[in-house]
Amino acid sequence: MQKQSELYRGKSKTVYHTEKKDYLIIKFRDEISANNGIKVKQLSRKGTLNNKINYFIMTKLQENGIPTHIEELISKNEVLVKNLKMIPVEFVLRNLAEGSLVKRLNIQKGTILNPPIFELFLKNDVQCDPMINESYCETFGWINKNTLIDIHMITLKINKVLSKLFSDIGIILVDFKLEFGMIDNQIVLGDEFSPDTARLWNKENMEKMDKDLFREDSGEIIQAYESVGYRLGIEFN
Ligand code: 5GP
């Protein structure tokens with residue numbers, strides 16, 4: 001399938017129509033951004049790293065019975081996906097305290113969260129993705145109650161599969177963000193799962209291997225992403 005007109009240009013990915021309306025092509029660009037797009041940098045090879053890590057993770061999830069939008073890797077930085085009717089909400093799962101949770105509640109970084117915390121944020125760049133809850137979703141019609149219950153269960157299952165996958169290669173899955181969409185009343189995982197959208201800590205020394213390195217200017221981003229990929233057994237060339 002071929003790329004046609006641009007549907008959407010995000011901060012690090014561009015989505016294209018294809019000749020079939022049920023399929024889209026996502027291009028992972030070599031950009032990294034933080035602070036709602038205020039801090040931006042061009043990083044050679046980042047698009048390839050995230051495309052391949054995302055494809056690997058989504059395929060693993062599919063093998064574990066979780067429907068995803070992934071169809072086929074079509075180039076080093078492009079993937080063919082199903083066209084979903086996206087839900088305008090970001091779903092965050094937290095195993096350890098970091099980031100906005102630490103800021104909001106002033107709790108110790110790294111505190112183990114048991115059971116894991118599930119949070120909802122409205123996808124809205126202008127409002128900087130504000131935190132919302134189930135009641136907002138129902139009142140404003142963003143998601144119905146039963147879909148939200150199902151998404152919570154799917155997110156917990158994803159957490160179980162991926163926490164083990166990462167733990168087996170010496171990485172702690174601290175937290176992550178997911179986006180879902182619908183096809184014919186079925187909930188399908190969309191967007192991406194990569195070190196841009198998850199916090200990953202090296203078990204050995206608790207060093208960060210994710211986008212926090214860029215947010216905090218605290219280390220070599222490409223080296224860290226590459227190391228995540230190599231540990232997962234991904235070939236990048
Ligand atoms: P926090 O709410 O602590 O900033 O983020 C929680 C988790 O969700 C982190 O793994 C973070 O990378 C991810 N996350 C939340 N919102 C976004 C977003 O808008 N973009 C990206 N790339 N990741 C996000």
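Guide: 27 residues of domain 1 are in contact with 26 residues of domain 2, where contact means heavy atoms within 4.5 Å. Domain 1 covers 6-82 and domain 2 covers 85-220; these bounds come from an automatic or database domain assignment. The model is predicted: local features need pLDDT of at least 70, side-chain atom pairs count only at pLDDT 80 or more, and totals for chains, interfaces and linings use all residues. Residues are numbered from 1 along each chain as its sequence is written, and side-chain values use heavy atoms, with hydrogens and water left out.

Taken over C-alpha atoms, the two domain centres are 17 Å apart. About 2,200 Å² is buried between the domains, and carbon and sulfur atoms give 64% of that. Buried area is the accessible area (1.4 Å probe) that two parts lose on being put together, summed over both. On the domain 1 side, Lys-39, Ile-57 and Pro-67 lose the most area to domain 2. Together they make up 22% of what that side buries.

Now the charges. Five salt bridges cross the interface; each is a side-chain nitrogen of Lys or Arg within 4 Å of a carboxyl oxygen of Asp or Glu. Lys-13 and Glu-192 also form a salt bridge through their side chains, at 2.6 Å from N to O.

Which elements give two or more residues to the side of domain 1 that touches domain 2? They are strand 4 (31-34), strand 5 (39-42) and helix 1 (46-63). Helices (H or I, at least four residues) and strands (E, at least two) are DSSP runs, numbered from the N terminus. Helix 1 gives the largest share, nine residues.
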